[in-house]
Amino acid sequence: GEDVEQSLFLSVREGDSSVINCTYTDSSSTYLYWYKQEPGAGLQLLTYIFSNMDMKQDQRLTVLLNKKDKHLSLRIADTQTGDSAIYFCAESIHAGNMLTFGGGTRLMVKP
Amino acid sequence: EAGVAQSPRYKIIEKRQSVAFWCNPISGHATLYWYQQILGQGPKLLIQFQNNGVVDDSQLPKDRFSAERLKGVDSTLKIQPAKLEDSAVYLCASSLDVGQGSSPLHFGNGTRLTVT
């Protein structure tokens with residue numbers, strides 16, 4: 001079955017890089033996403049990557065995909081206190097954008 | 001563009017009572033989703049609509065949950081009767097078109113339900 005796993009918690013200092021990791025089980029995933037959720041808010045799409053790519057960069061965000069190991073990571077450069085939130089990775093297997101989410105990684109940025 | 005609107009923002013009910021949530025998607029978005037997010041977990045899909053038709057409701061507990069999108073725009077999600085384990089945030093999302101993986105989901109801020 002489909003399963004997406006993430007570590008629960010990550011703490012970094014302001015200005016450092018953050019790397020949030022995700023593993024998934026279904027090799028037929030076509031799109032992989034990173035969402036950010038701040039307290040009391042819905043999910044905000046940060047970035048996504050097609051399964052035929054291995055890297056995507058968007059300003060401070062870099063997504064790496066290792067399809068062989070079914071491993072996805074999100075690197076945030078120069079992490080700021082405003083980046084403190086829960087980050088969810090998600091996969092889309094079926095046409096139609098039905099997403100399966102991981103449990104989320106809480107990122108805490110210390111000043 | 002206006003985002004996905006949901007109401008109410010919070011709801012507290014006793015078990016065995018009924019509750020309804022409302023969602024207004026982004027204008028022009030054909031696909032609408034309801035997700036359940038239990039505290040400390042990622043969202044789980046309950047139901048997906050394409051216009052006013054159901055695409056997938058395989059994870060909807062149909063003995064107590066129902067949803068409709070009669071005119072292909074707004075949607076309501078109902079729970080009757082509620083159980084303690086239904087306490088969660090109910091998120092509505094919409095996207096421009098089904099079948100387009102690059103068409104991202106836009107989420108509302110959710111309705112936080114507490115069942116006592």
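## A strand residue and a surface patch in chain A

A:M108 is found in strand β11 of chain A, which covers residues 105-110. The model described here is a predicted one. The relative accessibility of A:M108 is 38%, so this residue counts as partly exposed. Together with A:L8 and A:F9, A:M108 makes a nonpolar surface patch of about 330 Å².

## Salt bridges

Over all chains, the structure holds four salt bridges. One of them lies in chain A, where A:D69 forms a salt bridge with A:K68. The closest N and O atoms of this pair are 3.6 Å apart. A:K68 is exposed, because its relative accessible area is 73% and exposed means over 50%. A:D69, at 47% relative accessibility, counts as partly exposed.

In chain B, the side chains of B:D86 and B:R64 meet in a salt bridge, with a distance of 2.5 Å from N to O. This pair links distant parts of the chain, as B:D86 and B:R64 are 22 residues apart. B:D86 belongs to the loop between β8 and β9 of chain B, whereas B:R64 belongs to the loop between β6 and β7 of chain B. B:D86 has a relative accessible area of 2% and is therefore buried. B:R64 is buried as well, with a relative accessible area of 12%; the term buried means under 20%.

A further salt bridge in chain B joins B:K62 to B:D57, and the closest N and O atoms are 3.7 Å apart. B:D57 has a relative accessible area of 26%, so this residue is partly exposed.

## A hairpin in chain B

Strand β7 of chain B (residues 65-68) and strand β8 of chain B (residues 75-79) pair in the antiparallel sense over four bridges. Within this pairing, B:T76 in β8(B) is the bridge partner of B:E68.

The two strands, β7(B) and β8(B), form a hairpin with six residues between them. In the turn, B:G72 has a positive phi of about 75°.

B:K11 lies in strand β2 of chain B, which covers residues 10-13. Its relative accessibility is 35%, so B:K11 counts as partly exposed.

Which residues does B:K11 contact, leaving aside its neighbours within four places in sequence? They are B:V19, B:R112, B:L113 and B:T114. B:K11 and B:G40 are 29 residues apart in sequence, and the distance between them in space is 19 Å, C-alpha to C-alpha.

Methods
Residues are numbered from 1 along each chain as its sequence is written. Chains are lettered from A and ligands numbered from 1 in the order in which they are written. This is a predicted model: local features need pLDDT of at least 70, side-chain atom pairs count only at pLDDT 80 or more; totals for chains, interfaces and linings use all residues. Side-chain values use heavy atoms; hydrogens and water are left out. Patches are made of residues with over 30% relative accessible area and no salt bridge: like charges are joined within 9 Å, nonpolar side chains (Val, Leu, Ile, Met, Phe, Trp, Tyr) within 5 Å. Accessible areas come from the Shrake-Rupley method with a 1.4 Å probe; for residues, only the protein chains shown count as cover. Buried means under 20% relative accessible area, exposed over 50%, partly exposed in between (1.4 Å probe, protein chains only). Two strands pair if DSSP finds at least two bridges between them. Contact means heavy atoms within 4.5 Å.
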